[in-house]
Amino acid sequence: MQFVSISDLHIKKSGDEASKLFLHFCNHEFTKNSDRVYFLGDIFELLIGDHYSYTKKYAFFFEEIVKLLDSGKEVIFLEGNHDFHFKKIAYKYFKKHTENWSKFRYEKHGEIFETSGKKLFICHGYEVDYYNQYFKNWYEIYTSKWMYILSTYILPFFIINFLGNLASKDSKRRGKKTFDFMKMKEKYLIGAKALIEEKSIDGVICGHTHIEEEQFFENQTIYFNNGFPIKHKRAIIVRDGKPELFSLT
């Protein structure tokens with residue numbers, strides 16, 4: 001079993017650099033030769049709520065997923081913290097546009113994938129921020145049914161886009177002032193080790209942190225993170241239980 005994964009493209013619109021990387025990933029020889037394709041969240045800069053307008057705004061994304069499904073691949077989308085609560089529109093779209101829609105899965109949480117005797121936890125990556133209680137509390141809020149109701153039935157599509165873009169710009173502005181790369185790198189490594197021990201697994205494959213990692217721990221467990229594709233231009237392939245970062249350029 002071979003699979004590929006990518007996260008944190010943060011696509012804003014069709015034709016931007018992130019969308020081009022997405023298309024390159026989908027048409028890469030490694031993806032074409034894989035059995036399963038994981039999109040590990042934050043594929044979009046903003047996609048929140050079951051608004052069918054997203055299928056028009058990001059038509060290239062949904063069309064490309066249909067191509068992957070029709071080529072016989074399983075496609076799994078895991079929610080990130082920039083794209084969530086759109087399960088219904090995703091299934092509605094794929095049921096309408098391909099007979100192979102059942103090969104698509106939309107999941108809120110990560111999952112354990114067993115291959116070649118290895119148990120790998122495939123997730124968005126907030127999980128490796130293991131000791132961050134503030135983020136865990138925020139996660140409970142934005143994934144709640146109340147946030148779903150607010151984002152789907154109360155706030156209109158254009159308001160969500162407006163507020164989301166403002167929040168994203170403010171977060172990036174504040175983050176640049178406080179981000180300590182080496183401190184955060186070590187923090188996530190410690191978190192990955194704790195997560196591996198908690199789940200009794202052989203490794204973690206994820207994104208979220210925007211810090212690329214290819215870490216082999218002393219107990220033969222592993223932690224792989226594709227970082228920030230706009231910067232690093234890489235995704236992850238797992239063949240025979242062995243992960244590897246590969247170039248998208």
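This is a predicted model: local features need pLDDT of at least 70, side-chain atom pairs count only at pLDDT 80 or more; totals for chains, interfaces and linings use all residues.

Biologist: Where does histidine 85 lie?

Modeller: In the loop between strand 5 and helix 5, which covers residues 87-97.

Biologist: What about phi of histidine 85?

Modeller: Phi is positive there, about 65 degrees, although histidine 85 is not a glycine. Aspartate 8 also has a positive phi, near 55 degrees, and is a residue other than glycine.

Biologist: OK, aspartate 8 then. Where is its place in the chain?

Modeller: Aspartate 8 sits in the loop between strand 1 (2-6) and helix 1 (17-26).

Biologist: Is aspartate 8 buried or exposed?

Modeller: Buried. Its relative accessible area is 0%, and the cut-off for buried is under 20%.

Biologist: Which residues does aspartate 8 touch, not counting those up to four places away in sequence?

Modeller: Among them are three histidines: His124, His208 and His210. Aspartate 8 also touches Gly41, Asp42 and Ile43. Further along the chain, its contacts include Gly207, Gly227, Phe228 and Pro229.

Biologist: Let's step back. How many helices and strands does the protein chain have?

Modeller: There are 10 helices and 13 strands. The radius of gyration is 17 Å, close to the 18 Å that the globule rule gives for 249 residues, so the chain is as compact as a globular protein of that length.

Biologist: And what does the C-alpha trace span along its principal axes?

Modeller: About 50 × 45 × 35 Å.

Biologist: What share of the residues counts as buried?

Modeller: Of the 249 residues, 53%. As for contacts with a separation of 6 or more, 70% come from residues 24 or more positions apart.

Biologist: Now the surface. What does the accessible area come to?

Modeller: About 12300 Å², with 54% of that belonging to carbon and sulfur atoms. On charge, the chain has 37 positive and 33 negative side chains. The centres of the two sets lie 6 Å apart.

Biologist: Switching to helix 6. Which of its residues are buried?

Modeller: Helix 6 runs over residues 133-142, and its buried residues are Phe135, Tyr139 and Tyr142. They cover an arc of only 75 degrees around the axis, so they sit on the same side of helix 6.

Biologist: Why would residues three or four places apart point the same way?

Modeller: An α-helix has 3.6 residues a turn, so that spacing points the same way.

Biologist: What is exposed on the other side of helix 6?

Modeller: Tyr134 and Glu140.

Biologist: And what covers the buried residues of helix 6?

Modeller: The cover includes strand 5 (83-84) and helix 7 (145-154).

Biologist: Next, phenylalanine 61. Where does it lie, and which residues is it in contact with?

Modeller: Phenylalanine 61 lies in helix 4, residues 59-70. It is buried, with a relative accessible area of 3%. Leaving aside neighbours within four places in sequence, phenylalanine 61 is in contact with Phe22, Ile43, Phe44 and Phe77.

Biologist: Last one: arginine 239. Which strand is that in?

Modeller: Strand 12, residues 234-239. Arginine 239 counts as partly exposed, at 31% relative accessibility.

Biologist: How far apart in space are arginine 239 and valine 4?

Modeller: 8.9 Å, C-alpha to C-alpha, while they are 235 residues apart in sequence. Beyond its neighbours within four places, arginine 239 is in contact with Met1, Gln2, Phe30 and Glu244.

Definitions and conventions:
Residues are numbered from 1 along each chain as its sequence is written. Side-chain values use heavy atoms; hydrogens and water are left out. Helices (H or I, at least four residues) and strands (E, at least two) are DSSP runs, numbered from the N terminus. The radius of gyration is taken over C-alpha atoms; the globule rule is 2.2 Å times the number of residues to the power 0.38. Buried means under 20% relative accessible area, exposed over 50%, partly exposed in between (1.4 Å probe, protein chains only). Contact means heavy atoms within 4.5 Å. Accessible areas come from the Shrake-Rupley method with a 1.4 Å probe; for residues, only the protein chains shown count as cover. Lys and Arg count as positive and Asp and Glu as negative; His and the chain ends are not counted. The place of a charge is taken as NZ of Lys, CZ of Arg, CG of Asp or CD of Glu. The arc is that of the directions from the helix axis to the C-beta atoms.
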